[in-house]
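Here are my notes for you to read beside the model. Keep the structure open and check each point as you go.

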Amino acid sequence: MTGITGKVGGAAARALLAAGRAVRAVSRDPARASAWRERGCDIALADMSDADALARAFAGAEGVFLLLPPVFDPSPGFPESGAVVAAAREALLAARPGKVVCLSTIGAQATQENLLTQLTRWEQALGDLPVPVTFLRPGWFMENAEWDIPSAREGTLPSFLQPLDRGIPMVATADVGRVAAELLQDTWSGTRVVELEGPSRIAPNDIAAAFAKVLGRPVRAEAIPRNTWETLFRSQGMRHPEPRMRMIDGFNEGWIDFEGRGDSVRKGEVTLETVLKELVATAG
């Protein structure tokens, strides 16, 4: 399990442990991994760009869960994630685990370059491995609303997603981790894609209404004008905001979406209100 100290990896690991599976936690930080050792996990120390260390960590594994560490402000050409993609491919070819589940994203099939192109390249690099591979493509994480808690407490929800009444696929990280654990215990051949969203599509207006219910006060969604995004992102310290802007454009314009339709897209169980209650309680 890579990414075990994060929300998705942690949820997947807990589900596997609950099912009685032996889990090896791959981490570069022994201090952060220590809690998983106490839960009964084996610990393998490896940086995600170190192919040799990853190969040792993957050796003998029945299945490997791979998560590409997020880079929200990538340099042109995506060299940061590119190094991890290359190392992961080399390690998997060397270790030949029984199966691989890779966390990808909704819209990984999009041809327009954007922030999620890092995961498009992830799929391209790992899609022809000589082992069974599943790419798990979740929707927009509901937990992204954590950044909106301060403004919601003041009664507004500034939104890059527009129009405000248009729902998009969103999902809770708990559902993503649960499904990842199920897939790791599954049997298949070749390469496949599994797409996952929550119980229903969610619009910015829905997020505002859910915050209002959780906080017990009116909350109104407000669209952030497109012509202000670059200045805003740069003021927040971003050096290369274009990929992030194009990702949001993709959701707003509809070219970042699931490839499948209807029954081919799995549905999660966790509601937005449940996620917001937990986020608000944690924020205090």
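1. V133 stands opposite T191 in β9. Strands here are DSSP runs of E with at least two residues, helices are runs of H or I with at least four, and both are numbered from the N terminus. Strand β5 (residues 133-138) runs parallel to strand β9 (residues 191-197), and 6 bridges join them. Two strands pair if DSSP finds at least two bridges between them.

2. A word on the source: this is a predicted model, where local features need pLDDT of at least 70, side-chain atom pairs count only at pLDDT 80 or more, and totals for chains, interfaces and linings use all residues. Residues are numbered from 1 along each chain as its sequence is written, and side-chain values use heavy atoms, with hydrogens and water left out.

3. Now the whole sheet. It is open, has 5 strands in the order β3-β4-β5-β9-β11, and its pairing is parallel. Which strands stand at the edges? They are β3 (64-67) and β11 (265-267); each has a single partner strand, so one side of each is left without a neighbour in the sheet. The twist averages 25 degrees from one strand to the next. Angles run from 0 to 180 degrees between N-to-C directions, with axes fitted to C-alpha atoms, for helices over the stretch in contact.

4. Helix α5 (residues 117-126) packs on this sheet and touches β3, β4 (100-103) and β5. Its direction makes about 165 degrees with that of β5. Contact means heavy atoms within 4.5 Å.

5. Turn to the aromatic rings. The structure holds 3 aromatic pairs. Rings of Phe, Tyr and Trp (its six-membered ring) pair if their centres lie within 6.5 Å; planes under 30 degrees apart are stacked, over 60 edge-to-face, and the rest tilted. The W140 and F251 rings have centres 5.0 Å apart and planes at 85 degrees, so this pair is edge-to-face. W140 lies in strand β6 and F251 in helix α10 (residues 242-253), so the pair ties together parts 111 residues apart in sequence.

6. Are these two residues buried or exposed? W140 is buried, at 19% relative accessible area. F251 is buried too, at 3%. Buried means under 20% relative accessible area, exposed over 50%, and partly exposed in between (1.4 Å probe, protein chains only).

7. F160 and F233 make a tilted pair, because their ring centres are 5.1 Å apart and their planes are at 40 degrees. Both F160 and F233 are buried. F160, W229 and F233 form one aromatic cluster.
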